[in-house]
Amino acid sequence: MAEVKNAVIIGAGPAGMAAAIYLQRAGLAPLVLEKDTPGGLLRNANLVENYPGFTRGIRGEELAARFVEQVESLGIEVKKESAKKVKLTGDIFKTETESAELASRAVIIASGTRPRAPRIPGVEGLQGKKVFSDIVSMHIPENKENHYLVLGGGDAAFDYALNLHGRGHRATIVSRSRPQCLPLLRERAAANGIAVREGILVEQVEETVQGVVMRCRAGPRRLRLYGDAVVVAYGRTPELGMLDRALLRRVKNIESPPATEVPGLYLAGDVARGRNRQTGIAVGDGIMAAMLLEQFVASRRRKG
Ligand SMILES: Cc1cc2nc3c(=O)[nH]c(=O)nc-3n(C[C@H](O)[C@H](O)[C@H](O)COP(=O)(O)OP(=O)(O)OC[C@H]3O[C@@H](n4cnc5c(N)ncnc54)[C@H](O)[C@@H]3O)c2cc1C
């Protein structure tokens, strides 16, 4: 029989890495699966000012790199693979990846969120080409000023716009309603001359020779907004696609994350926190999930 691991962790964002650090130090040798670059969504954050310990804030990319460094220094096993399916067979979890089926006593799902494509005609065909849902996956030129149209009115939209502005680009925030972000982000956007267009309904996005044009409506008025690319900063949904149907049914509407009603299965970080998506919460969830997992594995061992 294949080796049965104590813990498989899906996702190497803040939640998954915090869980892994705890479990490695507890002697449980977790295996972390990460389909992309370790660090997760945090790598997009312009300036994280609400994570304790960094008086002047820290760039998301740097904070993520510090988490990764700690994971590496502890010798934690991280595989660059996607978890395709997680199912429960008896009391053992089976996690399928592209290359293997991993058996474990417990699993922590720390897979964060995935973008939901906005229902705007034209967007679908331009995804990854002219329309992006984060900025780490974009090619941002260094020697030319681009103009980015940032869709949304929340903290993420303002954070992306400030990030792009800080790199020498022009950013316009395009929001359907009145932006609902931290007032200080709005003030910073204003201080940096970032335009905010409110009350704009985007009806179509089309590619042009130079970039994109958004056909919009502002009340009765029609207008066009031109840019080099679009960044969509709203509409993320929990990434639970790897759970098989039986498990998914049992983890929907979990009442007290990171525990679920499936013994040995935990959900940590953005995947379980609805609109309350913050690095500190993800880290706390990861540690809590790891502690519950440690107790779970110990009780299983006692029962033999
Ligand atoms: C623009 C922006 C600014 C932000 N600013 C702040 C801030 O100032 N302060 C703050 O506290 N928070 C901020 N956040 C939020 C913060 O980034 C998230 O709360 C945090 O990254 C959540 O961590 P997580 O580990 O739960 O999920 P994520 O960071 O999303 O990590 C999930 C990881 O799982 C991986 N994954 C998903 N599915 C699979 C699979 N099937 N197999 C293998 N791997 C998988 C993903 O590739 C990803 O690396 C910001 C976010 C954004 C977008």
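**Notes on charge pairs and cysteines**

1. Glu 49 comes out as partly exposed, with 42% relative accessibility. Bear in mind that this is a predicted model. The partner of Glu 49 is Arg 188, and their salt bridge has its closest N and O atoms 2.9 Å apart. The pair ties together distant parts of the chain, 139 residues apart: Arg 188 belongs to helix α5 (residues 183-191), while Glu 49 lies in the loop between β2 and α2. Arg 188 is partly exposed too, at 31%.

2. Next, Glu 239 and Lys 35. Their salt bridge has its closest N and O atoms 4.0 Å apart. Here 204 residues separate the partners, with Glu 239 in the loop between β16 (236-238) and α6 (245-251) and Lys 35 in the loop between β2 (31-33) and α2 (60-73). Glu 239 is buried at 14% relative accessibility, whereas Lys 35 is exposed at 55%.

3. Lys 144 and Asp 228 also form a salt bridge, 3.9 Å from N to O. Both sit in loops, Lys 144 between β8 (131-132) and β9 (147-151), Asp 228 between β14 (221-227) and β15 (229-232), 84 residues apart. Lys 144 is partly exposed, at 45%.

4. The total is 18 salt bridges. Shared partners join Glu 3, Lys 5 and Glu 77 into one network.

5. How many disulfides turn up in the whole structure? The search finds 0. For Cys 181, the nearest cysteine sulfur is that of Cys 216, 20 Å away; a disulfide needs the sulfurs within 2.5 Å, so Cys 181 is in none. Both cysteines are buried: Cys 181 at 16% relative accessibility and Cys 216 at 2%.

Key
Residues numbered from 1 in each chain as written. Predicted model: local features only at pLDDT ≥ 70, side-chain atom pairs only at ≥ 80, totals over all residues. Heavy atoms only, no water. Buried < 20%, exposed > 50% of the residue type's maximum accessible area, 1.4 Å probe, protein only. Salt bridge = Lys/Arg side-chain N within 4 Å of Asp/Glu carboxyl O. Helix = DSSP H or I, 4+ residues; strand = E, 2+ residues; numbered from the N terminus.
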